[in-house]
Amino acid sequence: MNKLKQIDAPMGLIMFFGPSILFVFLAFKTSDNFAGYIITSAICAVFGLIYIHTSLFGKDKILQKVADSIQLKQNSKILDVGCGHGAFMIKFENRINDIRKIVGIDIWNKRDQANNTLEETEKTVTNSGVSSKAKIQRADMCDLPFQDNEFDLVISSFAIHNVKPATQRRKAIEEIFRVLKHNGEVVIIDIEFKDREYRKILEELKFNNIETSGTGFNGWWGSPLGPTFILKAVKS
């Protein structure tokens, strides 16, 4: 399997397939409500299959579509906050002539993605079309090791929601603001209805042109109750 096509947050599968197995057990263990248990088990299994689809295929389609939609400035310097396996970074390989440098940072928590390490990300990026312009380094998004106003574009996909508590997520977005150049763009792809939380922070930081959009079925993490959103804004 492609190294980038691995299950995100594998514990999510347990959340769906665990109950599915439990309800099958209850269906055959008890004499009452057999049909109800089987139907509930099937629903949980379907949610699990949707989760797998989004993790292995839907997310990839979202990242490519978003990368293609971004208007890069010539000689752009890009930062990927919480780059994971580098999946979002390499979506810019067909725009490499517009890029001066693309930097990916993460702490590589194995709980967030399968086989999630700095070394694996370096291998993936080295074998991609952005390798000549890319740099991978370990860093905390709440304390970015970069100068003020350094990047033309800051991207982040499925990463900021992992930061706890909310005060630290605010700190991460404030750090994005700090390292972003004036008139630079931030693009955040994330989940858990954090669009309202992030949007409020961006408004308080005086970002302009704040836009939020959904991603449809490809962004469902199990069901419509776990949607993916895209948030774009420009630093004033």
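## The second largest pocket

Helix α2 (34-69) gives the most to the lining of the second largest pocket, with five residues. Strands β6 (207-214) and β7 (228-235), like α2, each supply at least two residues of that lining. Helices (H or I, at least four residues) and strands (E, at least two) are DSSP runs, numbered from the N terminus. This is a predicted model: local features need pLDDT of at least 70, side-chain atom pairs count only at pLDDT 80 or more, and totals for chains, interfaces and linings use all residues. Residues are numbered from 1 along each chain as its sequence is written, and side-chain values use heavy atoms, without hydrogens and water.

The pocket holds about 200 Å³ of space. A pocket is found on a 1 Å grid over the protein atoms alone: it is an open set of points where a 1.4 Å probe fits, with protein on both sides within 12 Å along at least five of seven lines. Lining residues have an atom within 4 Å of a point. Among them are Lys61, Ile62, Ser213 and Lys232. The lining has three nonpolar, five polar and three charged residues. Here Asp, Glu, Lys and Arg count as charged; Ala, Val, Leu, Ile, Met, Phe, Trp, Tyr, Cys and Pro as nonpolar; the others, Gly among them, as polar.

## Helix α2

The 36 residues of α2 should span 52 Å at 1.5 Å a residue, and the end C-alpha atoms are 50 Å apart, which agrees. The expected span is 1.5 Å times one less than the number of residues.

Helix α2 also has a kink of about 50 degrees, centred on Thr54. The bend at a residue is the angle between axes fitted to the seven residues ending there and the seven starting there.

Buried means under 20% relative accessible area (1.4 Å probe, protein chains only). Ser76, Ile78 and Asp80 point one way, and Lys77, Leu79 and Val81 point the other way.

Strand β1 runs parallel to β2 (residues 99-106), joined by six bridges. Two strands pair if DSSP finds at least two bridges between them. Leu79 stands opposite Val103 in β2. Three bridges join β1 to β4 (residues 151-157), also parallel. There, Asp80 has Ile155 as its bridge partner.

## On to strand β5

Strand β4 pairs with β5 as well, through six bridges, and the two run parallel. Val154 faces Val186 in β5. Nine of the 12 residues of β5 (residues 180-191) are buried, so β5 is largely enclosed by the rest of the structure.

Notes
Points joined across faces, edges and corners; volume = space filled by probe spheres on them. Buried < 20%, exposed > 50% of the residue type's maximum accessible area, 1.4 Å probe, protein only.
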